[in-house]
Amino acid sequence: MTIAPTRFADRAAAVLLALVLFCATSPSQQSDYVFHAESDLVLVNVTVRDKSGKFVPGLKSEDFAIFEDNKSQKIVSFDVENVDAVPALDVAQAKPLPESASGESSLAASKADAAAQYASQFKDRRLIVLFFDLSAMEPDEIDRAVTSAEHYVDTQMAPADLVSIVSLGSSLLVNQDFTTDHALLKKQLDGFSTGSGQGFEEGTTGTTEGTPDTGQPFTADDTEYNIFNTDRRLEALRSVAEKLAHVQQKKSLIYFSSGMNRTGIENQSELRAAVNAAVRSNMAFYTMDMRGLQALVAGGDAQNASLRGVSAYSGQSTLNALNSNFTTQETLVTLASDTGGRAFLDSNDFSKIFKGVQQDTSTYYLLGYHSTNPARDGRYRRIVVKSNLRDVKIDYRRGYYAPADYKHSTKEDKERQLEEELASELPATDLPLYLGVAYFRLEGNKFFVPISLVVPGSQIPFVRSSDRDQATLDVIGMVLDNAHHPLNRIRDTVKLAVSTSAEVQKKNVQYDTGMSLLSGKYHLKFVVRENQTGRMGSFETDIEVPELKALPLKMSSVVLASQIQPVKVKVKTSADLNPLVHDGSEIIPNITHVFSATQHLLLYYEVYDPARPAAAESARGTDSARGEANKPSIRLLSNVAFFQGKAKAYESSLVELTELNARERKAAVFQLDVPLTSLKPGFYTCQINVIDDAGGHFLFPRLALLIRQESSTPAR
């Protein structure tokens, strides 16, 4: 049985899906046991002050009560962080952040080890991250940000302060990891130039009304660019929060920017992800608008051209400027308030934010609890902290977003999960996934590489809809060159619909695609997700497309198959031609190399630029020009033999080719059909014998395969 969607992926050949016979002995990746553990400990930083504003010390867990959505919660952890009480020693540099804040950890246990390592080092420390968003600030705004940070380092930085510097320009960089060394911090701050922020400014929306008349006849609509740019900045904040999640102490991130414009609900998913990451990491965002106190002049600034349209005369331009300023500040307020920080806006005294951070993190109680609400619905949960003391003011984070399982995740969250898994260095093993590749020369040094992904049908949950069982699979993959630069990506969603899912349980679901590559070494990684429960599986491997020019006998991969799939899609260009597709049908590679005794084994392989008899005779020093026209252009001989141990069990008849049958690719194509009824069930070594009689060269590639006994109920 075969299911075949007929559409193209990017630079890929026709995509198809086949159900092939399932076998428990399919080749697999490492099948190590994977232990998953989740700990939903909610941490709440609580500051208790009396009427005079002084911190109230000496409280215990019994003095507090925590409510989540009006339901009492049991406090399971309690700690007091007192930064001012403990004399702080100088720390040259601590490195809880990777060199690239967007990198992935290579070991699963690294976070746990890091948590234990930094528990004592960061005890009673004030952890501050100075985040410079250079991607949107103007040069004068960068100067203000750097000057205010230098003033903090020179005059306000306390001995207990551990400060890190992170910047976002063309990439996210950790300029300086946590340190108390003023000289190191000043050195990095001095390195920020006024031109660092050029290139990612907010774009136009396509309208000309109320915009400066620059004389250009066309105004571009940069709305999509603005959405991407905001997502990029929010993703950077999320990345920093996630990389510091293993440090339990409260972290404060001071975000220097010139506001952040959010387009409706387009950036809502990334905004929520950034807030959730900060809450889980016990990090508070303190946002600072480096534009300072602005005077919005009617008609626009003197440095800009006159405004188009009538809005300058109706007052609409001033209203638009006020609305734009409010919109860009609203996101800063949301980031701060939802994470327990504060937003500092419309002020030219930039030292206030540093004082605020120091006050909020000088002394506080750290309370932890496990929520009694097991639902993973992604909804906002409100937190209320009460004390049995009277006449005190309690400051704390007011709530958080619950973790969301796959069912309650948004479309954007699901897509982000795929991207994150593709970028992760750790494999996903919840969904078994197998991969096979081959290579066939197209022209010169260019090859077509077919790629096959296999998922056991028993692992795919189907849902009954109407009179059919249905399921969907998301596929994403990438190809990297030897320097780990991305060359190609594949993204597809495959829809399955069968009369009954029982017919899939004993079979594999195979997804075939391909791409053209030059000779060289590559790294492939693919991720497949079933969309009922969200389980994912990944497979990555290194491949090498050989350089055939120097080889005496140039041969492609050998593809084993037992099925041929009808194809309706016509390939438009020879550059993307899949050699496995010809005459309206496609050979389906058998990745498992497992066959039934009643099936036919199909072998497909190609030989390129075989020697010609005349050239061979000339090389041997003979001269027989007489009768040259009657000689064959080539002479290739090939057959296949099956071995069990050292004993030959079967050998097919010899096939001879005297002409190229794929002249456009200078290839001689062999397609052998071997009935397996003459072979007993068991393991075999399949040897393909290829002899270039004219050139005197030969190859004997070998492949392992299994022939199993046919079940009583034959598969279709």
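Here is a friendly set of questions and answers about this predicted model.

Me: What kind of model is this, and from which number does residue counting start along each chain?
Reply: This is a predicted model, in which local features need pLDDT of at least 70, side-chain atom pairs count only at pLDDT 80 or more, and totals for chains, interfaces and linings use all residues. Side-chain values use heavy atoms, with hydrogens and water left out, and residues are numbered along each chain, as its sequence is written, from 1.

Me: In which order do the four strands of the open sheet lie?
Reply: Strands are DSSP runs (E, at least two residues), as helices are (H or I, at least four), numbered from the N terminus. Two strands pair if DSSP finds at least two bridges between them. Here the pairing is antiparallel, and the order is S6-S13-S3-S15.

Me: Which strands are the edge strands of that sheet?
Reply: An edge strand of this sheet pairs on one side only. That holds for strand S6 (75-82) and strand S15 (393-395).

Me: Which residue in S15 is the bridge partner of Thr-47?
Reply: Strand S3, residues 41-49, pairs with S15 in the antiparallel sense over three bridges. In S15, the bridge partner of Thr-47 is Asp-395.

Me: How many salt bridges are there by the rule used here?
Reply: The rule asks for a side-chain nitrogen of Lys or Arg within 4 Å of a carboxyl oxygen of Asp or Glu. By this rule, the count of salt bridges is 27.

Me: How many residues apart in sequence are the parts that Lys-51 and Asp-391 tie together?
Reply: Lys-51 forms a salt bridge with Asp-391, and their closest N and O atoms are 3.8 Å apart. Lys-51 lies in the loop between S3 and strand S4 (64-68), and Asp-391 in the loop between strand S14 (380-387) and S15, so the parts they tie together are apart in sequence by 340 residues.

Me: Are Arg-381 and Glu-68 buried or exposed?
Reply: The side chains of Arg-381 and Glu-68 meet in a salt bridge (3.5 Å, N to O). Arg-381 is in strand S14 and Glu-68 in strand S4, 313 residues apart. Buried means under 20% relative accessible area, exposed over 50%, and partly exposed in between, with a 1.4 Å probe and protein chains only. Both Arg-381 and Glu-68 are buried.

Me: Why does Asp-360 count as buried?
Reply: Helix H8 (residues 352-361) has seven of its 10 residues buried, Asp-360 among them. The side chain of Asp-360 meets that of Arg-342 in a salt bridge (3.3 Å, N to O), while Arg-342 itself is partly exposed at 34%. Asp-360 counts as buried because its relative accessibility is 19%.

Me: Which residues form a nonpolar patch on the surface?
Reply: Patches are made of residues with over 30% relative accessible area and no salt bridge; like charges are joined within 9 Å, nonpolar side chains (Val, Leu, Ile, Met, Phe, Trp, Tyr) within 5 Å. Accessible areas come from the Shrake-Rupley method with a 1.4 Å probe, and for residues only the protein chains shown count as cover. With about 280 Å² of accessible area together, the patch residues are Ile-691, Phe-698 and Phe-700.

Me: Where is the place of Phe-700?
Reply: Phe-700 counts as partly exposed because its relative accessibility is 40%. The place of Phe-700 is in the loop between strand S37 (697-699) and strand S38 (702-708).
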